[in-house]
Amino acid sequence: MLTLALSKGRIFEETVPLLVAAGIQVTESPESSRKLILPTSDPDLRIVIVRASDVPTYVQYGGADFGIAGKDVLIEHNAEHGDGEGLYEPVDLNIAAARVSVAVPNGFDYAGAVRRGARIRVATKYTAIAREFFGRKGMHVDLIKLYGSMELAPLVGLADAIVDIVSTGGTLRANNLVEVEEIMRISSRLIVNQASLKLKHAQLQPLIDAFRGAVEG
Ligand SMILES: Nc1ncnc2c1ncn2[C@@H]1O[C@H](COP(=O)(O)OP(=O)(O)OP(=O)(O)O)[C@@H](O)[C@H]1O
Ligand SMILES: O=P(O)(O)OC[C@H]1O[C@H](OP(=O)(O)OP(=O)(O)O)[C@H](O)[C@@H]1O
């Protein structure tokens with residue numbers, strides 16, 4: 001039996017077509033079912049539904065053989081879990097694509113703050129990405145860890161800036177924020193437990209190849 005870890009929402013929705021291309025149907029949706037283990041049309045493949053940020057944890061420590069996670073989530077996870085030792089990242093699936101950016105309230109002089117070497121407060125869920133980015137720029141920042149709704153922080157005086165995911169820019173616009181620097185482009189990756197890859201190679205490798213084939217068309 002192989003176990004695939006997915007999060008509900010965009011990753012599940014965007015993975016279903018890749019599974020279909022690999023000849024696998026998912027008969028139940030996590031949106032309508034409360035089940036955390038979903039069967040598939042392949043009796044040897046099941047899907048477990050976990051939080052997006054828990055997918056690498058399940059895969060690294062063997063709760064799932066493979067999974068799909070955003071590059072953002074992987075960087076944050078690896079920073080706290082021994083560089084993701086035992087996690088193999090064989091395919092960029094090009095799904096859930098977006099960017100991680102710095103944003104500030106409309107009117108905040110970010111360029112001036114950078115020039116002056118001012119110390120700014122940055123709210124983010126992505127502390128490893130932010131620490132590395134501002135460190136590389138030589139900027140001193142106070143990072144405030146949040147778990148969601150980062151856009152609110154500058155509006156209530158909790159922070160001067162945020163580091164968050166931007167796709168259409170609609171969330172920033174709705175909250176009177178502007179993107180001032182792109183840190184990196186992100187997309188979701190297939191991740192595989194290295195021990196599973198050895199022990200279940202005959203079952204896993206064809207699925208990895210099918211995912212790669214589905215992406216490359
Ligand atoms: N607006 C977006 N457009 C495209 N991709 C996105 C967007 N927001 C996030 N993503 C990508 O999709 C992944 C999953 O996002 P999702 O919103 O499902 O989980 P989350 O709410 O960030 O995680 P958690 O539930 O663990 O807090 C993110 O890690 C990121 O890689
Ligand atoms: O530029 P946009 O297209 O507006 O997308 C950006 C938003 O998308 C993500 O939130 P998401 O919609 O996933 O909400 P959630 O993570 O709070 O569920 C991210 O945290 C931003 O808030």
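## Overall picture

A residue counts as buried here if 20 or more other C-beta atoms lie within 10 Å of its own. By that count, 30% of the 217 residues of the protein chain are buried. The model is a predicted one.

The protein chain holds nine helices and nine strands. Its C-alpha trace spans about 60 × 35 × 30 Å along the principal axes. UniProt, in an unreviewed entry, lists residues 51-212 as "domain: ATP phosphoribosyltransferase catalytic". That span is 38% helix and 35% strand, and its end C-alpha atoms lie 24 Å apart.

## Around ligand 1

Ligand 1 has 16 residues around it, and those that come nearest are A52, S53, G70, A96 and S167. By class, the shell has seven nonpolar, six polar and three charged residues.

At least three of its residues come from domain 1 (2-97 + 187-216), and at least three from domain 2 (98-185).

## Around ligand 2

The residues around ligand 2 are G148, D164, I165, V166, S167, T168, G169, G170 and T171. Strand β8 (161-166) and helix α7 (170-174) are the elements that give two or more residues to this shell. The largest share, three residues, comes from β8. Sorted by class, the shell around ligand 2 has two nonpolar residues, six polar and one charged.

## The pairing of β8

Strand β8 pairs with β5 in the antiparallel sense, over five bridges. One of the residues involved is D164 of β8, the bridge partner of S101. D164 is also among the residues around ligand 2.

Strand β6 (residues 120-124) runs parallel to β8, and three bridges join the two. Here A161 in β8 is the bridge partner of V122.

A96 is found in strand β5 and is one of the residues that come nearest to ligand 1. Its phi is near 45°, a positive value in a residue other than glycine. A96 is buried because 25 other C-beta atoms lie within 10 Å, where the cut-off for buried is 20 or more.

D83 also has a positive phi without being a glycine, at about 60°. D83 lies in the loop between α3 and β5. With 10 C-beta neighbours inside 10 Å, D83 counts as exposed, since the limit for that class is 12 or fewer.

V16 lies in helix α1. V16 has 15 C-beta neighbours inside 10 Å and therefore counts as partly exposed, the class between the two cut-offs. V16 and V26 are ten residues apart in sequence, and their C-alpha atoms are 7.1 Å apart in space.

## The last helix in the numbering

Helix α9 covers residues 201-216, which makes 16 residues. G217 follows α9 and has a positive phi, near 75°.

Methods
Residues numbered from 1 in each chain as written. Chains lettered and ligands numbered in written order. Predicted model: local features only at pLDDT ≥ 70, side-chain atom pairs only at ≥ 80, totals over all residues. Near = placed C-beta within 6 Å. Nonpolar A, V, L, I, M, F, W, Y, C, P; charged D, E, K, R; others polar. Domains from an automatic or database assignment. UniProt positions renumbered as here; feature names shortened; annotations may be inferred. Helix = DSSP H or I, 4+ residues; strand = E, 2+ residues; numbered from the N terminus. Expected span 1.5 Å × (residues − 1). Pairing = 2+ DSSP bridges.
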